[in-house]
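Good morning, everyone, and thank you for making time for this. Please take a moment with the structure before I talk through it.

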Amino acid sequence: MTTEPEQAVVAAELAEIRRNLDVGVARIDGQLALLAQRSAQHDRDVTKVTERVRVLEHGRWPLPSLAALTGVGALAVAVWQAAGR
């Protein structure tokens with residue numbers, strides 16, 4: 001048969017386990033909240049960088065078109081110089 005002191009020890013052990021479990025769950029909840037906050041910050045950063053890249057791509061010069069126009073202009077100047085002499 002179990003005696004009263006043994007039941008008190010078991011109850012104390014169970015209370016200790018419950019406290020440890022509660023502390024562990026609270027710590028995990030905090031870490032999950034921190035990860036969720038960081039994830040949201042990364043999403044905002046990616047959105048900002050994507051917008052900046054879009055603006056930069058929109059403002060860049062169309063180099064192939066400029067190269068074609070320069071080539072046509074050089075050809076026109078060469079024909080004009082050849083015909084003028």
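Predicted model: local features only at pLDDT ≥ 70, side-chain atom pairs only at ≥ 80, totals over all residues.

Residues are numbered from 1 along each chain as its sequence is written, and side-chain values use heavy atoms, with hydrogens and water left out.

The protein has two helices and zero strands, where helices (H or I, at least four residues) and strands (E, at least two) are DSSP runs numbered from the N terminus. Along its principal axes, the C-alpha trace spans about 125 × 20 × 10 Å.

How many salt bridges does the structure hold? There are two, a salt bridge being a side-chain nitrogen of Lys or Arg within 4 Å of a carboxyl oxygen of Asp or Glu.

In one of them, E16 pairs with R19, and their closest N and O atoms are 3.4 Å apart. These residues are separated by about one helical turn, because they lie three residues apart in helix α1, which covers residues 4–59. E16 is partly exposed at 40% relative accessible area, and R19 is likewise partly exposed at 48%.

E51 and R54 also meet through their side chains, at 3.4 Å from N to O, and they too sit three residues apart in helix α1, so about one helical turn separates them. E51 counts as partly exposed, at 42% relative accessibility.

Conventions: Buried < 20%, exposed > 50% of the residue type's maximum accessible area, 1.4 Å probe, protein only.
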